[in-house]
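Subject: A structure for you to look at

Hello,

Here is the structure I promised to pass on to you.

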Amino acid sequence: MFKPKYIFSLVLLGVFLLPMSSSFPAPIFGKSKAVIPREISFSGEVLDIFSRAKGSWINLLVKDRLVSVWAPKGVKIPPVKYKGGYNTIGDTIEVKGILTRDFKKNTGPVVTAKVIERVKPGCRFADKVLLREKNTALVLFASFLACALIFVLAKGGRKNAE
Amino acid sequence: MIFSPDKEEFAGILHILGRLLLGLTLAMVIPLVIAFALREQKPFWDFLLSLSFTGLAGFLLMIVFPLKKDIRPALAFVIVSLSWLVASLFGALPLWMSGHFGGFLDAFFEAMSGFATTGLSLVRDIDHMSFSVNAWRHLTMFLGGQGIVIIALSFLIKATSTAVGLYWGEARDEKILPNVIDTARFIWAVSFVYLILGTAVLAGILFWQGVPLLKSVLHGVFLFMAGFDTGGFTPRSGGIFYYHSFALEIATLVLMFLGSLNFNLHYYLWLRKKKEAWQNIEMRAFFFSFTTLTVLMTVFLVNLGHLSLSEGFRQGIYQLISAHSGCGFSNLYPGWLDSWPQGGLVVLIIAMAIGGGVCSTTGGIKLMRLAFLFKGVVWEIREKIYPSNARLAAKYHHLSDAVLDDKRIKAAFFIFLLYLLSYLAGGIIGMFYGYKFLPALFESTSAAANVGLSLGITCPAMPAGLKITYIIQMWLGRLEFVAVVISLGLLISVFRRR
């Protein structure tokens with residue numbers, strides 16, 4: 001597997017790539033680096049909170065987009081009663097913090113919270129099922145069972161005939 | 001001359017499709033039970049309705065069109081082609097009724113993406129989706145990854161020549177055991193064992209990271225089905241990134257890698273023939289391709305993206321394995337892939353285009369075919385430079401030593417060419433809708449190679465024509481073109497006869 005020719009090919013590839021890489025054009029992250037870090041404030045629906053040793057990750061739904069907020073140990077997180085999910089609208093919280101490009105904690109930009117406040121409580125709501133849908137489902141289910149019975153009886157009949 | 005199916009054979013095709021629909025009906029019982037257990041009322045009625053409709057259609061097909069004779073192998077290709085369309089059509093019903101999709105086309109796209117183990121998604125507001133609908137989304141990946149036909153062979157169809165045709169039709173180039181039914185059952189058994197082990201590990205990690213027990217177990221099952229079957233759906237927005245867990249990233253990396261392995265290799269590893277893993281041509285091709293692409297990716301990310309070596313490695317490796325295995329999981333911040341250097345995206349396109357092992361759940365050209373082509377080129381060069389009376393042979397090892405012949409190289413080249421054309425055609429259609437070439441090619445390759453990584457083109461607002469293009473690409477890519485091409489040939493012959 002680890003034949004010398006493979007190792008040689010890899011070394012050759014590395015030797016070829018290294019000088020090439022130094023002549024690459026301007027970095028594409030340069031622009032975003034110039035913009036951040038900056039103060040940021042926004043609110044969103046709480047989806048989940050994951051506690052870690054040095055703080056917590058708060059996943060928020062902000063205008064249909066997931067935004068992850070890092071809340072260090074010192075930052076107080078208000079009690080969250082509802083988290084967004086099926087039939088549940090999560091509590092809305094407002095986050096004031098700093099947007100940075102910190103890949104050590106994350107694989108993308110990170111908002112490190114300074115202040116977190118609950119601005120709107122969430123709620124649970126019940127499903128609404130139309131009577132028409134229930135009736136259609138029941139009629140179809142009964143037809144399905146009838147078909148299954150006919151099929152089984154017909155198969156049994158054929159076997160007896162043989 | 002192309003032969004045309006007679007009336008009895010047509011009836012047989014519809015009969016077998018009816019059986020497949022019954023299989024789909026049985027599968028729908030799982031989300032139905034979940035909806036009942038978790039008191040998700042609306043999904044419960046949606047699933048009861050979809051299940052009844054699908055079952056009814058299945059029984060009607062079986063009653064009206066009895067199976068009177070064995071189906072010829074060429075017609076089995078038609079059944080396989082149609083089965084993926086029919087499964088996606090009926091499988092889209094509960095998704096459509098859930099209200100999380102813009103229309104039936106979007107739900108159909110999602111179902112095809114699931115059954116083809118692609119992972120491109122048009123879902124809206126996934127974070128408020130019920131567990132049962134999410135279960136169905138991920139179950140489509142599991143069923144599709146195992147192969148709808150494999151499941152039908154395991155449980156619904158007796159050992160006949162039809163069964164053999166169906167097996168080959170589903171882009172499965174190799175048998176593991178002498179009998180295709182036994183092979184199908186072995187594939188099923190392997191996956192079931194991995195399902196239990198994988199779910200336990202993933203659920204354990206999620207629970208350890210602070211996710212409630214029930215949610216850990218359900219998300220564990222979902223992520224396993226999407227990871228091992230190289231699908232790529234996730235139950236929440238943001239993919240694997242959502243969980244902020246390095247342990248989960250490692251576990252899903254292993255799952256994706258296992259899922260991209262040839263099932264034959266699983267069999268050999270189960271028999272503790274570890275030597276095969278080092279000698280196998282596919283493993284060698286994977287090692288070479290993965291190492292080369294990793295070096296390239298790291299250079300691009302570190303130099304152009306200005307990431308540290310460890311950051312570039314963490315981001316690069318995950319996306320690379322995800323692309324190479326055809327899974328489509330991502331540990332990147334949503335939308336962040338778009339900010340990658342173009343060179344990094346090109347490396348991902350290459351990895352997606354190649355894919356994993358034959359007889360696995362991955363899509364794409366496949367490693368073995370590329371290895372055959374490479375050996376073929378080397379063979380050709382050697383023939384030119386060696387004396388004409390020299391006897392040259394290209395050898396390879398896959399389960400046993402073999403000599404590479406022209407027929408295999410030709411077959412590999414045929415599939416290779418069709419995939420390339422598909423990637424390119426999808427890219428050009430994307431450009432026609434106003435997208436730039438590289439993102440359009442990226443998305444097209446992701447669809448045709450059944451990967452699921454996205455630069456953001458795939459979204460509910462994308463043009464309907466592009467949705468249909470990607471549906472066709474996912475379908476063709478999953479069946480490796482052959483079954484669909486044969487079906488089209490037979491369809492033309494039927495029209496000509498009339």
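This is a predicted model: local features need pLDDT of at least 70, side-chain atom pairs count only at pLDDT 80 or more; totals for chains, interfaces and linings use all residues.

For the complex, the predictor gives an ipTM of 0.84 and a pTM of 0.89. In chain B the average pLDDT is 87, and 92% of the residues score at least 70.

Let me start with chain A. Three helices and seven strands make up its list of elements. If you follow the chain from the N terminus, the order is α-α-β-β-β-β-β-β-β-α. Among the contacts in chain A with a separation of 6 or more, 56% are between residues 24 or more positions apart. Of the 162 residues in chain A, 20% are buried.

What do the strands build? Five strands of chain A form a closed barrel, in the order S1-S2-S3-S6-S5, and their pairing is mixed. On average, neighbouring strands in this sheet are turned by 50° against each other, if direction is ignored. One pair to pick out on your screen is S5 (residues 92–100) with S6 (residues 110–120) of chain A, which run antiparallel and share nine bridges. To find a place in that pair, look for A:Thr92, whose bridge partner in S6(A) is A:Lys120.

Now to chain B, where I would point you to helix H2, residues 41–64. This helix has 24 residues and spans 34 Å from its first C-alpha to its last, close to the 34 Å expected at 1.5 Å a residue. Is H2(B) enclosed or open? Of its 24 residues, 20 are buried, so H2(B) is largely enclosed by the rest of the structure.

Finally, the two chains meet. How many residues does each chain bring to the contact? Chain A brings 41 residues and chain B brings 46 residues. On the chain A side, the elements that give two or more residues are helix H1 (4–22), strands S1 (38–52), S2 (55–62) and S3 (65–72), and helix H3 (131–161). H3(A) gives the most to this side, with twelve residues. By type, the chain A residues that touch chain B divide into 25 nonpolar, twelve polar and four charged.

When you go through the model, you could begin with S1, S2 and S3 of chain A: these strands belong to the barrel, and each also gives two or more residues to the side that touches chain B.

Enjoy exploring!

Best wishes

Conventions:
Residues are numbered from 1 along each chain as its sequence is written. Chains are lettered from A and ligands numbered from 1 in the order in which they are written. Two residues are in contact if their C-beta atoms, placed from the backbone, lie within 7 Å. Helices (H or I, at least four residues) and strands (E, at least two) are DSSP runs, numbered from the N terminus. Ala, Val, Leu, Ile, Met, Phe, Trp, Tyr, Cys and Pro count as nonpolar, Asp, Glu, Lys and Arg as charged, and the others, Gly among them, as polar. The expected span of a helix is 1.5 Å times one less than its number of residues. A residue is buried if 20 or more other C-beta atoms lie within 10 Å of its own, exposed if 12 or fewer, and partly exposed in between; C-beta atoms are placed from the backbone. Two strands pair if DSSP finds at least two bridges between them. Axes are lines fitted to C-alpha atoms, for helices over the stretch in contact, and angles run from 0 to 180 degrees between N-to-C directions. pLDDT is the predictor's confidence in each residue, from 0 to 100.
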